[in-house]
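Colleague: I am new to reading protein models. Could you take me through some features, one at a time?

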Amino acid sequence: MKSFTALLLCSLPFGLQAQLNKPATNYVTISSGELEKEIIYKAAHVTPSPRQLRWQKLELTAFFHFGVNTFTDKEWGDGKEDEKVFNPTALDAKQWVKTVKEAGFKQVIITAKHHDGFCLWPSKYTEHSVKQSPWKNGKGDVVKEVSDACRELNMGFGVYLSPWDRNSALYGTEAYNDYFVNQLTELLTQYGRVDEVWFDGANGEGPNGKKQVYDFNKWYELIRRLQPTATIAIMGPDVRWVGTETGRGREMEWSVIPADPNMMAKIAGDSQKDVAFAPTGDKRGNDLGSRDKIRNAHGLVWYPAETDVSIRPGWFYHTKEDSKVKTPQQLFDIYFSSVGRNGVLLLNIPPNREGRLSEYDVKNLQGFKQLMDRTFQQNLAKNAVIKCANGMNTHTMTDGKYETYFTTKGQDTTATIELTFPSAQTFNILSLQENIAVGQRIESFVLEYKEANEWKKITEGSTVGYKRLLRFNAVNAKQVRLRILSSRLNPTLSELGLYKGD
């Protein structure tokens with residue numbers, strides 16, 4: 001079970017061995033002529049930055065789409081809305097945050113400004129904001145109320161600021177980038193810690209019929225300076241869009257993917273500085289980071305996927321959609337296809353015209369939490385005797401601590417982990433977690449059970465990453481084994497779980 005890596009290191013000059021053993025970072029460059037096994041070894045050492053690791057561990061984050069569209073019954077406003085339409089009668093941001101926290105969410109993002117340009121805070125740089133609305137006689141600040149609720153309830157706080165602005169007369173000119181920086185500065189300096197800044201790629205025409213050339217580099221520099229712990233998502237260097245708005249991620253989701261030319265240019269230009277780049281290229285394919293994809297790369301970068309979806313058909317609240325709120329079971333299924341596929345779920349729950357989360361949404365979120373608790377309350381693997389001939393720290397796979405982890409001895413890149421129960425157990429869910437703090441490595445695995453002295457396959461998968469969840473027809477067995485068939489370096493497992501769901 002010796003890896004390509006072991007054979008490689010034995011034959012490399014000392015200087016190159018030292019280079020490959022340098023401390024892990026969230027990107028690496030690849031020189032022309034490097035062997036595939038050298039590239040695979042480098043890929044195994046690409047790790048998340050502290051802000052990316054914190055973000056990944058959140059698992060569940062919430063979007064609050066709220067603004068003039070809530071009151072005009074539109075999805076995309078045109079920027080011509082009368083500010084007086086914005087008038088929630090009982091706005092309660094604490095109810096929003098408390099509801100999602102009780103449902104298991106760890107962070108929220110408020111749409112501080114959508115494409116219509118209407119600002120949910122009293123920006124000094126436009127009149128198209130809450131200060132011209134009748135809500136609280138123009139003295140209100142939705143962003144502050146959400147941020148205050150997050151501080152009180154110990155929740156992460158993020159802001160969405162649409163680059164596209166259909167109201168601003170500056171849009172389509174160089175002056176707009178300065179206008180955007182001014183508004184971004186307000187959001188990053190007036191509301192305490194900001195944990196995520198979310199940009200989308202919408203780039204339509206402004207009131208003057210022109211499109212804008214966004215100065216992402218200036219925006220990123222500002223965020224890194226004012227809120228250095230914040231992740232910059234979607235149109236940003238820390239987190240990428242999974243590629244759909246269905247709540248479904250890829251079954252093979254690599255967080256380490258080839259760096260596109262724009263990323264490489266920024267890496268070269270910034271040298272040892274904190275790299276920030278605007279993503280380019282289509283990242284919606286089914287395979288972004290397999291050996292086939294990285295063997296010809298010029299560089300590799302840790303660039304994980306965020307999976308966004310709305311609890312309703314639309315992103316803003318519409319009364320006609322009260323009967324179309326996703327059910328607890330649908331939300332549960334989405335958890336498996338997002339978080340359970342090495343992603344972070346960003347679920348939109350839009351406040352209604354009162355300024356509260358609808359009773360329909362709240363009820364289904366509560367049902368989702370009950371389903372989660374019922375399913376994952378007992379890890380059956382904790383009752384098993386776990387053995388692995390070439391493994392170390394097998395007990396850590398069921399200790400509930402992410403920072404402790406199993407790995408293999410020497411340079412072994414495969415492993416057979418056997419679980420023996422005191423008596424036969426029934427289960428239908430497998431949960432695996434790699435310790436991504438040291439890299440994403442596992443490429444292939446299979447779960448089997450023993451029946452009449454014969455091992456039979458239950459399920460199989462490719463990548464694991466931060467979390468992989470697989471469901472299957474219920475199995476009743478006393479002996480189970482997980483075989484890691486392929487890994488880019490010594491595989492790691494922080495947690496291994498077997499559960500019996502409904």
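**Reading the backbone and the packing**

Modeller: Start at a backbone angle. Just after helix 4, Glu59 has a positive phi of about 65°. Keep in mind that this is a predicted model.

Colleague: Where do Asn137 and Asn453 lie?

Modeller: In loops. Asn137 sits in the loop between strand 3 and helix 7. Asn453 belongs to the loop between strand 16 (442–451) and strand 17 (454–461).

Colleague: Is Asn137 buried or exposed?

Modeller: Use the cut-off: exposed means over 50% relative accessible area. Asn137 has 69%, so Asn137 is exposed. Asn453 has 71%, so Asn453 is exposed too.

Colleague: Now a residue in another loop. Is Thr47 buried or exposed?

Modeller: Buried means under 20%. Thr47 has a relative accessible area of 6%, so Thr47 is buried. Thr47 is found in the loop between helix 3 (36–44) and helix 4 (50–58). Helix 4 has buried residues as well: Arg51, Gln52, Leu53, Trp55, Gln56 and Leu58.

Colleague: How do I check the length of a helix?

Modeller: Take helix 8 (residues 174–189). Its 16 residues should span 22 Å at 1.5 Å a residue. The end C-alpha atoms are 23 Å apart, which agrees.

Colleague: Which residues of helix 8 are buried?

Modeller: Tyr176, Asn177, Tyr179, Phe180, Val181, Gln183, Leu184, Glu186, Leu187 and Leu188. Their cover includes strand 3 (107–113), helix 7 (142–153), strand 4 (156–161), strand 5 (196–199) and helix 9 (216–226).

Colleague: Which residues touch the most other members of the largest nonpolar core?

Modeller: Phe86, Trp96, Val100, Phe105, Val142, Leu184 and Phe199, out of 77 residues in that core. Helix 8 gives the largest share, 7 residues. Apart from this core lies another, of 30 residues, among them Ala381, Ile417, Phe427 and Ile442.

Colleague: What does Phe199 touch?

Modeller: Skip residues up to four places away in sequence. Then Phe199 touches Leu161, Pro163, Phe180, Leu184, Trp219, Tyr220, Ile223, Ile232, Ala233, Ile234 and Met235.

Colleague: Last topic: two helices side by side. At what angle do helix 6 (residues 93–102) and helix 13 (residues 359–376) pack?

Modeller: About 25°, with their axes 9 Å apart. Angles under 35 degrees count as roughly parallel, so helix 6 is roughly parallel to helix 13.

Colleague: Which residues meet there?

Modeller: From helix 6, Gln95, Thr99, Val100 and Glu102; from helix 13, Val362, Leu365 and Lys369. By class, this contact has 3 nonpolar, 2 polar and 2 charged residues.

Conventions
Residues are numbered from 1 along each chain as its sequence is written. This is a predicted model: local features need pLDDT of at least 70, side-chain atom pairs count only at pLDDT 80 or more; totals for chains, interfaces and linings use all residues. Side-chain values use heavy atoms; hydrogens and water are left out. Helices (H or I, at least four residues) and strands (E, at least two) are DSSP runs, numbered from the N terminus. The expected span of a helix is 1.5 Å times one less than its number of residues. Buried means under 20% relative accessible area, exposed over 50%, partly exposed in between (1.4 Å probe, protein chains only). Contact means heavy atoms within 4.5 Å. Axes are lines fitted to C-alpha atoms, for helices over the stretch in contact, and angles run from 0 to 180 degrees between N-to-C directions. Angles under 35 degrees count as roughly parallel, over 145 as roughly antiparallel, 65 to 115 as roughly perpendicular and the rest as oblique. Ala, Val, Leu, Ile, Met, Phe, Trp, Tyr, Cys and Pro count as nonpolar, Asp, Glu, Lys and Arg as charged, and the others, Gly among them, as polar. A nonpolar core is a set of buried Ala, Val, Leu, Ile, Met, Phe, Trp, Tyr and Cys residues joined through side-chain atoms within 4.5 Å.
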